[in-house]
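Here is a short report on a protein chain. Look through the model first, then read on.

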Amino acid sequence: MSVVAVLIALFSLVPLGYVAYMTVATGWDTAAALIFRPRVMELLLNTLLLTVITVPLCLVLGVAGAWLVERTSLRGHRIWAVLLAAPLAIPAFVNSYAWVSAVPSMGGLWSGVLIATLSYFPLVYIPAAASLGRLDPAIEQSAAALGLGNWATFFRVVLPQLRIAMTGGALLVSLHLLAEYGAFAMIRFDTFTTAIMVQYQSTFNGAAGNMLASVLVFFCLLLLVAEVRSRGTARYARIGPGAQGKALRLPLRFYQVPAQLFLLGLTALALGLPLFFVLRWTALGGSTAWAADEFLPALLATLGYGVAGAAATIVVAFPMAYLAVRHPGWFSKSLELSNYITSSLPGIVVGLAFVTVSIRLVPGLYQTAGVLVAAYVLLFLPRALVSLRAGLAQAPKELDEAAQSLGKPPLASFIRVTLRLTAPAAAGGAALVFLAIANELTATLLLSPNGTRTLATEFWSKSSEIDYAGAAPYALLMILLSAPMTYLLFQQSKKVAGQ
């Protein structure tokens, strides 16, 4: 098991090795000339401004929504809880498509901020709501007993308890911003990812695109380090005796109407507008847009790659999850960390790495289904790892030992006890990986075999040709595939909070 886990970890470092190799092969003088030039400074400024503006907005919207749903007397809070998570079911490039349909002149930084904020604030809302749901109200009661008002208690007591959720959510939003291609390309806003794709399309594997990729990887790693350091060393667990009390919801009184209008406006922009224009373009396209020879191959390819990628990711993740749970230590943590680092890289960097490696080392594998599935595995491995670790933790090794003491061979006891108990968690992880693959665009564009059509690539092809009516059915199918998985993610977060 350890040997397999080491091989998987080495395999996961292929994208980082590609970036390092291309940087060295380019030479310092050429690399410096390509990196320190006005175009890179422009892309750097665009990316930094996008991140610096969007991340705080997502934090404010996500935490405010979570607080209203979990800690106030908000009417219909159960319905709002689901609606605030629902925008995750709409890919960012579909969101951009809807906004361009509504306002064709959209473009530039502020349009990018609007679309990114509406697409990614649920990445903060979901963990913040889960943290508030399991927060012991005793600390708030103690603050009130010491004379702190509601607002002072929130900022001085509650908000610091959300530190882990906020920093984790901010990291996810930042990584999505660095990786996103379709949403920003559609509104003609240049970032590192859109520029890398343009360079790839014009010069295939040129040095300029590779150097842009190296800068992008550097920022991804910088964000990972910043998130780890921002966690601090404070304890957030309750260690006292007794059961946790039920949180008291603060009365909104005359703030009830403004709160309802705020959430209504937010969900209308993040969920209602994209759904309206997707359905509108679908209706305008008529029955011809649903011709089986048009959308059926893309749907089948998406389902096929989604199932194959999810199954392969679960199989690859199992040895590493097994080591992390059954043999914890620096060795297993190091192996696991290598996968998290790789998964933080944008899909376009992983795609370029596999393009280069397959062409130079194994040309026969270039643009084959196997290479594309391998890229999916590296991109989405942590989604499977997190679920498998939780499942294995609920299947202690003592059960295996008990089965063996009753005469079962080690392999039989492993299959009938450990695998059976881990199966629900594996299914949940596979569902999350399937959702990610169904909506993946950049790596699929770079690596898919000639003639392969998925829902994401067909949507992108038609929307790039301004055939919005033709693109609508593909957008609708992606949303319908994503909605159950998004709800599953939301339910898992509530389960963690004990709700």
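## Overall fold

This is a predicted model. The chain has 24 helices and zero strands. Of its 499 residues, 53% count as buried.

Take the contacts between residues at least 6 apart in sequence: 84% of them join residues at least 24 apart.

## Helices α6 and α23

Helix α6 spans residues 92-102, and helix α23 spans residues 455-464. Their axes come within 11 Å and cross at roughly 25 degrees. Angles under 35 degrees count as roughly parallel, and α6 and α23 are therefore roughly parallel to each other. The crossing of α6 past α23 is left-handed.

Which residues make the contact? On α6 they are Phe-93, Val-94 and Tyr-97; on α23 they are Ala-456, Phe-459 and Ser-463. By type, the contact of α6 with α23 has five nonpolar residues, one polar and no charged.

Aromatic rings also feature here. Ring pairs link Phe-93, Tyr-97, Trp-281, Phe-459 and Tyr-468 into a cluster. Phe-93 and Tyr-97 belong to the α6 side of the helix contact, and Phe-459 to the α23 side.

## Helices α4 and α8

Helix α4 (residues 38-71) packs on helix α8 (residues 122-133) at an angle of about 35 degrees. The axes are 8 Å apart. This crossing is right-handed.

The α4 side includes Cys-58, Leu-59, Val-63, Trp-67, Glu-70 and Arg-71. Facing them in α8 are residues including Val-124, Tyr-125, Ala-128 and Leu-132. Glycines take part as well, among them Gly-62 and Gly-65 of α4 and Gly-133 of α8. The residues of the α4 and α8 contact divide into eleven nonpolar, three polar and two charged.

## Aromatic pairs around Tyr-376

The structure holds ten aromatic pairs. One of them joins Tyr-305 and Tyr-376 in an edge-to-face arrangement. The ring centres are 6.5 Å apart, with 75 degrees between the planes. This pair links distant parts of the chain: Tyr-305 sits in helix α16 (residues 292-326) and Tyr-376 in helix α19 (residues 369-393), 71 residues apart. Both Tyr-305 and Tyr-376 are buried.

Tyr-376 also pairs with Phe-380, and that pair is stacked. Here the figures are 6.4 Å centre to centre and 25 degrees between the planes. Why are these two residues about one helical turn apart? They lie four residues apart in helix α19, so about one helical turn separates them. Phe-380, like Tyr-376, is buried.

Thr-444 lies in helix α22, which covers residues 442-447. Is Thr-444 buried or exposed? Buried means under 20% relative accessible area. Thr-444 has a relative accessible area of 1%, so Thr-444 is buried. Leaving out residues up to four places away in sequence, Thr-444 touches Leu-372, Tyr-376, Thr-454 and Thr-457. Tyr-376 is thus a contact of Thr-444 and a member of the edge-to-face pair with Tyr-305.

Leu-447 is also in helix α22. Its relative accessible area is 1%, so Leu-447 is buried. With residues up to four places away in sequence not counted, Leu-447 touches Gly-351, Phe-354, Val-355, Gln-367, Thr-368, Val-371, Leu-372 and Ala-375. Leu-372 is a contact of Thr-444 and of Leu-447. The C-alpha atoms of Leu-447 and Gly-370 are separated by 9.7 Å, and these residues are 77 apart along the chain.

Methods
Residues numbered from 1 in each chain as written. Predicted model: local features only at pLDDT ≥ 70, side-chain atom pairs only at ≥ 80, totals over all residues. Heavy atoms only, no water. Axes fitted to C-alpha atoms, helices over the stretch in contact; angles between N-to-C directions. Parallel < 35°, antiparallel > 145°, perpendicular 65-115°, else oblique. Left-handed = near helix turned anticlockwise from the far one by under 90°. Contact = heavy atoms within 4.5 Å. Nonpolar A, V, L, I, M, F, W, Y, C, P; charged D, E, K, R; others polar. Phe/Tyr/Trp six-rings, centres within 6.5 Å; stacked < 30°, edge-to-face > 60°. Buried < 20%, exposed > 50% of the residue type's maximum accessible area, 1.4 Å probe, protein only.
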